[in-house]
Amino acid sequence: MHTSIISAIITAVLFAVGLGGTALAADAIQLNMVAEEEVEVINEDGEKEIQYIKPDSVIPGDVVRYTLHYHNTGNEPADDIVITNPIPAHMEYINASVRGSGSFALFSADGGQHFDTAAKLTVTEEDGSTRPASAADYTHIQWHFKDSLAPDAQGSVGYRARLQ
């Protein structure tokens with residue numbers, strides 16, 4: 001799982017943007033995903049620090065930071081914005097790494113069928129019993145924006161995940 005896996009991971013990251021209002025508004029939201037490998041380096045002061053680089057390849061255990069940049073290219077505000085992002089196969093979400101100013105995140109552990117807060121999310125076992133979902137169970141992240149996105153407004157949401 002080297003170079004080919006990072007290409008597959010980036011390709012597997014698909015987006016769905018749901019907007020209240022017209023389809024025209026939905027067409028005006030542009031999305032761009034960036035995947036960066038998290039590496040530890042020693043700075044000029046001899047201290048360890050984290051940097052993010054474009055990965056040539058990743059191996060099991062490597063951490064990837066996914067950042068989804070959004071931009072309202074339309075002439076009207078966009079309301080009720082929801083961005084749904086699947087977590088790529090072979091990647092495990094890193095607990096509490098979700099970020100996104102002006103939004104709140106919900107998670108799915110069933111392939112994007114149902115979403116809830118991390119504290120309320122459950123997994124149904126083969127025997128029909130349920131248990132609380134762990135970060136390793138997450139299959140999708142969904143960001144709900146609290147406010148309208150003004151024309152030409154832009155920002156980003158994201159999370160970190162580890163290659164299994």
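**Burial, salt bridges and surface charge**

Q: Why is Asp137 called buried?
A: Asp137 has a relative accessible area of 18%, and buried means under 20%; Asp137 is therefore classed as buried. The model is a predicted one, and the value is computed from it.

Q: What makes the pair Asp137 and Arg131 a salt bridge?
A: The closest N and O atoms of Asp137 and Arg131 are 2.8 Å apart. The criterion is a side-chain nitrogen of Lys or Arg within 4 Å of a carboxyl oxygen of Asp or Glu, so the pair qualifies.

Q: Why is Arg131 called partly exposed?
A: The relative accessible area of Arg131 is 30%. Partly exposed covers the range between buried, under 20%, and exposed, over 50%, so Arg131 belongs to that class.

Q: What makes Glu125, Arg131 and Asp137 a network?
A: Salt bridges link these three residues. Arg131 forms a salt bridge with Glu125, with the closest N and O atoms 2.4 Å apart, and Asp137 forms a salt bridge with Arg131. Glu125 is partly exposed, at a relative accessible area of 32%.

Q: How many salt bridges does a search of the whole structure find?
A: The search finds 5 salt bridges. One of them joins Glu38 and Arg160, with the closest N and O atoms 2.7 Å apart. This pair links distant parts of the chain: Glu38 is in strand β2 and Arg160 is in strand β11 (residues 154–163), 122 residues apart.

Q: Why is Asp45 called exposed?
A: Asp45 has a relative accessible area of 61%. Exposed means over 50%, so Asp45 is classed as exposed. Asp45 is placed in the loop between β2 (29–42) and β3 (48–53).

Q: What makes the surface patch of Glu44, Asp45, Glu47 and Glu49 negative?
A: The patch is formed by Glu and Asp residues. Asp and Glu count as negative, so the patch is called negative.

Q: Where does Thr73 lie, and why is Thr73 called partly exposed?
A: Thr73 lies in the loop between β4 (63–72) and β5 (79–86). Its relative accessible area is 37%; the class covers values between 20% and 50%, so Thr73 is partly exposed.

Q: Which residues does Thr73 touch, not counting residues up to four places away in sequence?
A: Thr73 touches Ala28 and Gln30. Thr73 and Ala153 are 80 residues apart in sequence, while their C-alpha atoms are 7.8 Å apart in space.

Q: How many helices and strands does the chain have, and what percentage of its residues count as buried?
A: The chain has 2 helices and 11 strands, and 38% of its 164 residues count as buried. Among contacts between residues at least 6 apart in sequence, 76% join residues at least 24 apart.

Note on methods: Residues numbered from 1 in each chain as written. Predicted model: local features only at pLDDT ≥ 70, side-chain atom pairs only at ≥ 80, totals over all residues. Heavy atoms only, no water. Patch = residues over 30% accessible without salt bridge, like charges linked within 9 Å, V, L, I, M, F, W, Y side chains within 5 Å. Areas by Shrake-Rupley, 256 points an atom, 1.4 Å probe, with all protein chains shown as cover. Charge placed at Lys NZ, Arg CZ, Asp CG, Glu CD. Helix = DSSP H or I, 4+ residues; strand = E, 2+ residues; numbered from the N terminus. Buried < 20%, exposed > 50% of the residue type's maximum accessible area, 1.4 Å probe, protein only. Contact = heavy atoms within 4.5 Å.
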